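We will go stop by stop.

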Amino acid sequence: MKAKELAELQRYLTPEEREELDELVRADIRDRPFSPVAGPQTMAYNSIADVVGFGGAAGGGKSFLAVGKALTQFDKTLIMRRNGTELTAIVDEALNMVGSRDGYNGQERILRLPDRQIEFGSAPNIGDERKMQGRPHSLLVFDEAANFAEQQVRFLMGWNRSTTPGQRCQTLLTFNPPTSAEGRWVLQYFAPWIDKRFNGKRALPGEIRYVGVVPGENGVSRDIWVDGPEQFVIVNGEPVFDFDPLEYEPQEIVTPQSRTFIPSRISDNPYLSGTGYMSVLQALPEPLRSQMLLGSFEAGMKDDAFQTIPTAWIEAAQARWTPRSPKGEMDSIGVDVARGGADSTVLAPRHGNWYDKLVEIPGKETPSGQHVVGQVVAVRRNSAPVHIDVIGVGASPYDLMREANIQVIGVNVSEASTATDKSGRLRFMNQRSQLWWQFRELLDPENDTGIALPPETVNPGLLADLAAPKWSMQGMRVCVESREEIVKRIGRSPDKASALILAQLDTPNLAKIQKAKGASRATVLDYDPLQGF
């Protein structure tokens with residue numbers, strides 16, 4: 001019966017009958033505080049996937065779904081927003097559904113009901129998520145997930161569990177299309193549904209896919225999409241399903257999780273579609289209009305005004321890349337050495353303006369300088385000069401390569417720079433700023449260098465690394481963020497990009513010069529690719 005028809009019939013009820021009807025309605029609300037709207041919201045509500053992505057456009061009922069699932073399906077829920085000040089609306093949503101503030105502790109931000117508990121939390125800074133370490137929740141919600149750092153989400157998912165018999169567990173990520181480079185990780189996380197560059201069959205809304213989550217660099221896990229829920233092990237970087245479990249430690253056996261994504265729009269939400277909010281979204285400027293109204297993940301994201309390398313330039317260089325065989329002469333290798341167990345040692349081979357697939361080695365496989373040198377020797381061709389960051393852990397492999405008569409150039413990116421930008425007007429705060437800015441100039445379409453970089457299908461995460469640093473002006477000098485500043489802001493180090501910017505250095509090849517009349521080894525060793533002779 002429609003609401004209008006029900007209101008018409010109420011005119012014929014006595015006051016006592018109306019009161020009885022109101023009590024029946026209130027009792028129904030208490031017993032069933034949430035009913036999903038037919039369509040995408042119901043699909044997301046009923047999904048049995050381990051991880052559910054929901055959203056795309058604004059006004060699709062994302063927060064309403066999160067609270068509804070918490071009140072009806074799970075015994076212990078944690079609902080996260082990046083900033084605590086953003087929690088007010090979703091807390092009010094929960095209290096409105098319950099119909100009372102009884103059981104809510106505003107200081108703790110916990111709603112305790114007889115049969116369930118909902119906790120509201122935030123993690124504005126990288127590392128804040130660790131305050132919730134060890135506290136299990138059967139439902140974990142990241143509302144506006146694109147505002148979180150990927151490592152924050154993956155870290156807290158480690159405690160998405162329950163000891164209650166029969167209680168299933170789930171993680172719900174609600175989000176609009178990211179409007180900045182920092183939020184791009186959600187495209188890779190739900191790649192089969194929303195990433196147009198996904199190298200495989202695209203998934204339908206609500207379709208369940210399986211993904212094995214394996215250790216990656218910088219504390220961020222790596223996803224391997226597989227055909228089903230069967231366990232596997234990683235051998236030489238590839239999943240192997242036919243294996244003897246007795247030959248592997250339990251932690252080496254990967255159990256895939258199920259994942260899905262369900263898009264929604266304001267038109268799917270009858271509670272908002274008639275409020276005028278539609279006209280608000282329609283009035284937004286592009287590309288925000290397409291992102292918020294249509295849920296378009298293809299609409300352009302706006303870079304930060306001080307992003308060192310524009311995203312579009314990186315994408316253009318990746319679009320130019322095609323596999324080569326033969327690859328041509330190797331001109332340089334950039335080496336970024338792992339700074340900890342979660343990091344990777346990265347080698348970036350360069351052949352002219354074509355950069356080969358980056359070689360990424362987990363930090364545990366390069367525990368010493370000797371191990372790093374072994375990896376370099378395996379990759380190096382044509383006596384190519386090796387450029388390595390010698391700050392900290394890079395010093396040992398640098399020394400060992402010199403002893404082995406490998407042409408290696410140690411770069412201390414914190415040292416002063418005497419170079420200028422292409423215009424000759426700007427100077428640099430240090431050699432790190434110089435390297436990043438010169439790589440920016442290589443990618444600038446106006447300079448038409450033809451530079452080609454490995455695409456995301458070859459080296460996932462490279463685009464995000466190159467888009468990570470920001471710059472500022474200090475007087476007439478360009479200053480690009482330090483590695484430490486980037487880690488503090490986004491929670492990871494752009495190791496792949498660090499190797500690339502070292503590979504751009506154009507040092508004369510020692511072997512070639514020694515063949516030339518009058519050239520000496522000492523002359524070549526004195527050459528500094530950043531400062532000249």
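What share of the 533 residues of the protein counts as buried? The share is 47%. Buried means under 20% relative accessible area, exposed means over 50%, and partly exposed lies in between (1.4 Å probe, protein chains only).

Two notes before you click. This is a predicted model, where local features need pLDDT of at least 70, side-chain atom pairs count only at pLDDT 80 or more, and totals for chains, interfaces and linings use all residues. Residues are numbered from 1 along each chain as its sequence is written, and side-chain values use heavy atoms, with hydrogens and water left out.

**Stop 1: the whole protein**

Switch to a cartoon view. The protein has 20 helices and 21 strands. Both are DSSP runs numbered from the N terminus: helices are H or I with at least four residues, strands are E with at least two. Now show the surface. The protein exposes about 25700 Å², and carbon and sulfur atoms supply 51% of that area. Accessible areas come from the Shrake-Rupley method with a 1.4 Å probe; for residues, only the protein chains shown count as cover.

**Stop 2**

Side chains of opposite charge can pair when their charged atoms come close. A salt bridge here is a side-chain nitrogen of Lys or Arg within 4 Å of a carboxyl oxygen of Asp or Glu. The structure holds 21 salt bridges.

Select Arg-81 and Asp-143. They form a salt bridge, with the closest N and O atoms 3.1 Å apart. The pair links distant parts of the chain: Asp-143 sits in strand β6 (residues 139–143) and Arg-81 in strand β2 (residues 76–81), 62 residues apart. Asp-143 is buried, with a relative accessible area of 1%. Arg-81 also counts as buried, because its relative accessibility is 14%.

Glu-86 has 28% relative accessibility, so it counts as partly exposed.

**Stop 3**

Select Lys-131 and Asp-128. Their side chains meet in a salt bridge (3.7 Å, N to O). Is Lys-131 buried or exposed? Lys-131 counts as exposed, at 62% relative accessibility. Asp-128 is buried, at 13%.

Next, select Glu-150, Arg-154, Asp-223 and Arg-259. A network of salt bridges links them.

**Stop 4: two helices crossing**

Select helix α15 (residues 431–443) and helix α18 (residues 495–503). Their axes come within 9 Å and cross at roughly 80°. That makes α15 roughly perpendicular to α18, a label for angles of 65 to 115 degrees. Axes are lines fitted to C-alpha atoms, for helices over the stretch in contact, and angles run from 0 to 180 degrees between N-to-C directions.

Show the side chains. Leu-435, Trp-436 and Phe-439 in α15 meet Ala-497, Leu-500, Ile-501 and Leu-502 in α18. Contact means heavy atoms within 4.5 Å. The residues of this contact divide into 7 nonpolar, no polar and no charged. Ala, Val, Leu, Ile, Met, Phe, Trp, Tyr, Cys and Pro count as nonpolar, Asp, Glu, Lys and Arg as charged, and the others, Gly among them, as polar.

**Stop 5: Val-346**

Select Val-346, in strand β14 (residues 344–351). Val-346 counts as buried, at 0% relative accessibility.

Note on methods: Angles under 35 degrees count as roughly parallel, over 145 as roughly antiparallel, 65 to 115 as roughly perpendicular and the rest as oblique.
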